Amino acid sequence: MLNIVYLTLAFLLLFASAEWLYHKRNIKAEVTRKYVHIATGLLTLFFPLMLENHWFVLLLCESFMLILVASLRLNLLPSINAVDRKTSGSLMYPIIVYGCYLVYSYYDQFMFYYIPILILALCDPIAAFVGMNYPKGKYQTFGKTKTWSGSLCFFGVAVVICLLLMIGVENMTFTAALPIAITVGAATATAEALTHGGYDNFTIPASALTVLILFENYL
């Protein structure tokens, strides 16, 4: 319970810092939203280390889901919600975090949690940054414009994250880890390219989990 208090305070401080940046430093909501996106992913990395039971994770995720829903209905937390597009990404985040924790608990392997969460936290913002600043090879999926530069960057970072975690944490050999990393990178980059409206916050980790489960059980 003490760890829940620590984590809750950390998340509240994160939201407060984003609001401060938005209101006092006039940082655009798109930037503060990415800041919260990345920091949330990094904070949730402590869940397997600090919370032994999935019910505690569910409690935290449900609490923040309620906060996010209330902020949307009451026009609060503009640092997250005041973006010029309709998105459900913030609501998808706690759902997929809990789902990843359940899978990690079942298999008792850190890669089932850390790989999906880190790819979501880091690859998505990095790809968005590259796509906006170096828009090479534009293409459209379901009416939304993407870039090959952003998608390839997403793929490359995802592969590196997988390799580092599988070799460094799960003690896999490079030969065994490489095909899994490439498949996860391809699946998550495809999910990012095809999914819009914030739902990629769900489909990116879900596709990573699907690949990892397939390799674990069948390949």
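How many helices and strands does the secondary structure of the protein chain comprise? The chain has 10 helices and two strands, where helices (H or I, at least four residues) and strands (E, at least two) are DSSP runs numbered from the N terminus. This is a predicted model, in which local features need pLDDT of at least 70 and side-chain atom pairs count only at pLDDT 80 or more, while totals for chains, interfaces and linings use all residues. Residues are numbered from 1 along each chain as its sequence is written, and side-chain values use heavy atoms, leaving out hydrogens and water.

**The whole chain**

Begin with the protein chain coloured by secondary structure: from the N terminus the order is α-α-α-α-α-α-α-β-β-α-α-α. The C-alpha trace spans about 50 × 50 × 25 Å along its principal axes. The radius of gyration, taken over C-alpha atoms, is 17 Å, which agrees with the value near 17 Å for a compact globule of 219 residues; the globule rule is 2.2 Å times the number of residues to the power 0.38.

Next, display the surface. Its accessible area is about 11400 Å², with 67% belonging to carbon and sulfur atoms (Shrake-Rupley method, 1.4 Å probe). Buried residues account for 49% of the 219 residues; buried means under 20% relative accessible area, exposed over 50%, and partly exposed in between (1.4 Å probe, protein chains only).

**The hairpin**

Select residues 138-141, strand E1. Thr-141 stands opposite Lys-144 in E2. Two residues lie between the strands of this hairpin, and Phe-142 takes a positive phi near 50°.

**Two loops with positive phi**

Move to the loop between helix H4 (54-73) and helix H5 (78-81), where Leu-77 is found. Leu-77 is not a glycine, yet has a positive phi of about 50°. Is Leu-77 buried or exposed? Leu-77 is buried, with a relative accessible area of 16%.

Then select Asp-108, in the loop between helix H6 (89-107) and helix H7 (111-133). Asp-108 has a positive phi of about 55° and is likewise not a glycine. Asp-108 is exposed, at a relative accessible area of 61%.

Notes. Pairing = 2+ DSSP bridges.
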